[in-house]
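Please look over the sequence and the structure shown here before reading on. The report that follows takes up the whole chain, then the pair of copies, and then one residue.

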There are 2 protein chains.
Amino acid sequence: MRILITAGGTAEKIDQVRSITNHSSGSLGVELAKAALQKGTITVDYVWAKGALLPPKDPRITLHPVTDTADLEKTMAQLLQAHTYGAVIHAMAVSDFTPEIAATQEDLIQGMNTWLATKKDANFTAEDVPDLLRAILEKSQSATKLSSKTEHLFMVLKQTPKVIGRIKALQPETQLVGFKLLVDVSSTELLTVARAALEKNQADYVLANDLTSIHEGQHHGYLLDKKGIVAEANTKAEIAHLILDTLLERQEVR
Amino acid sequence: MRILITAGGTAEKIDQVRSITNHSSGSLGVELAKAALQKGTITVDYVWAKGALLPPKDPRITLHPVTDTADLEKTMAQLLQAHTYGAVIHAMAVSDFTPEIAATQEDLIQGMNTWLATKKDANFTAEDVPDLLRAILEKSQSATKLSSKTEHLFMVLKQTPKVIGRIKALQPETQLVGFKLLVDVSSTELLTVARAALEKNQADYVLANDLTSIHEGQHHGYLLDKKGIVAEANTKAEIAHLILDTLLERQEVR
């Protein structure tokens, strides 16, 4: 069986020297790759966010380095068109937003005045947002490295494409495992949000975890499918084996 | 001689899972530590940005991990009060800005309307900025993890304290080496900006480099002092040895 694993966190460039990064050591991805190799005849395409931990060197693992979400989207589309995967385990922490505009305080002031001069009524609505952004963007210099002299820096970020949402469209037969990380919520809320993500992304499984339950050596997670909780695990290695065993069992049943 | 080296890049938290990071592998810091050890009796306090490459394990090197600029400022103040350093080599890529407000599009709209309702005249000036920011801040939820559902995310960043500017105030006798990285400028501009940074921060030396002259295995840099260019170097190891040799020579002359 050929599988695709994504791991690590994306980095969205602000300029040549700064990025917005999503925290992820990549160690869960490494555990997934190790578990996959232990299960025998698995070939792994490993989509690796630069800077994350590397999986073991092994001829069965092919590394595909990516930096940002645009990179990830392109690489995933190429791989999903080139190969048939028994499973896609999308463990990468993917940025929801990418910088669209970075403006100095001076740019903001000029842009605000341009916008105020053309504004039609007293209220500010969602329809005014694009006009205001355009006015600020026109004032902001396209900088290779942003000036550090302005008192405030204003950034507008736009949503990134939802890569996970496109996987089943490209390969309806693959078994898709998504991840949902929340911070300090009840287990009920965590499971509800994870269940919604499963349905939205047409995932077969979602691993739901909470940052407050991840500590040195410990990593609690629930593996969910459409029917409910498949099982719980308490370390990254346990999570990795639970996911791989569940996928292989389902593969045999097919 | 005891020296202090800072290396790697800072990460300023946006929320629990995202940061603004300054790119820096930390490999120049590692070369500096190696060169220091080769020069003999040097003890190194190594202020290390988490995630960067680690210096060699050696009893003469003490590691001080930091994450963000606030962390760096605190650690530097403690070290500079506790020890007398022959030299401080501040190679860390330090964020100029740190997130102050992160607001959804909905927060921005509400904040703008609050501000528009109280605004006194037709113009938007620097004096209006704090009022507008306060209005938006009041609307933005203090999120542990920002909602990924808003179409745009608006971030306001404020300047971080300039750590390098405080080193000589705490230890006037130390030899301070700063770094200036620009992107794709002429050598004249690079040297002018580096010279200004040297004066502003009361540095004894500045290593001036341009991102476009840094490639795999190559790293061009000018070492400057008040009088002008001390020397040029073409790799990270050359830069490290040039800096250490220059510092030790000056130390002997004293």
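How much accessible surface does chain A have, and what percentage of it belongs to carbon and sulfur atoms? In this predicted model, the accessible surface of chain A comes to about 11700 Å², and carbon and sulfur atoms account for 50% of that area.

Chain A holds seven helices and 14 strands, and its C-alpha atoms fill a box of roughly 65 × 40 × 35 Å along the principal axes. Of its 254 residues, 51% count as buried. When contacts between residues at least 6 apart in the sequence of chain A are considered, 67% of them join residues at least 24 apart. The chain carries 27 positive and 31 negative side chains, with the centres of these two sets lying 5 Å apart.

Turning to the pair, chain B is superposed on chain A by a rotation of 180 degrees with 0.0 Å of shift along the axis, at an RMSD of 0.0 Å. The two copies are therefore related as by a two-fold rotation axis. The same surface serves both copies, since 100% of the contact residues of chain B recur in chain A.

Within chain B, D15(B) sits in the loop between β2 (11–13) and β3 (18–22). Its relative accessibility is 4%, so D15(B) counts as buried. The side chain of D15(B) reaches two partners, as listed below.

| Partner of the D15(B) side chain | Distance |
|---|---|
| Side chain of R18(B), a polar contact | 2.6 Å |

Notes
Residues are numbered from 1 along each chain as its sequence is written. Chains are lettered from A and ligands numbered from 1 in the order in which they are written. This is a predicted model: local features need pLDDT of at least 70, side-chain atom pairs count only at pLDDT 80 or more; totals for chains, interfaces and linings use all residues. Side-chain values use heavy atoms; hydrogens and water are left out. Copies are superposed by least squares on the C-alpha atoms of residues with pLDDT of at least 70 in both. Contact means heavy atoms within 4.5 Å. Helices (H or I, at least four residues) and strands (E, at least two) are DSSP runs, numbered from the N terminus. Buried means under 20% relative accessible area, exposed over 50%, partly exposed in between (1.4 Å probe, protein chains only). Accessible areas come from the Shrake-Rupley method with a 1.4 Å probe; for residues, only the protein chains shown count as cover. Lys and Arg count as positive and Asp and Glu as negative; His and the chain ends are not counted. The place of a charge is taken as NZ of Lys, CZ of Arg, CG of Asp or CD of Glu. A polar contact is a pair of N or O atoms within 3.5 Å; within protein, one must be able to donate a hydrogen and the other to accept it, and residues adjacent in sequence count only if both atoms are side-chain atoms.
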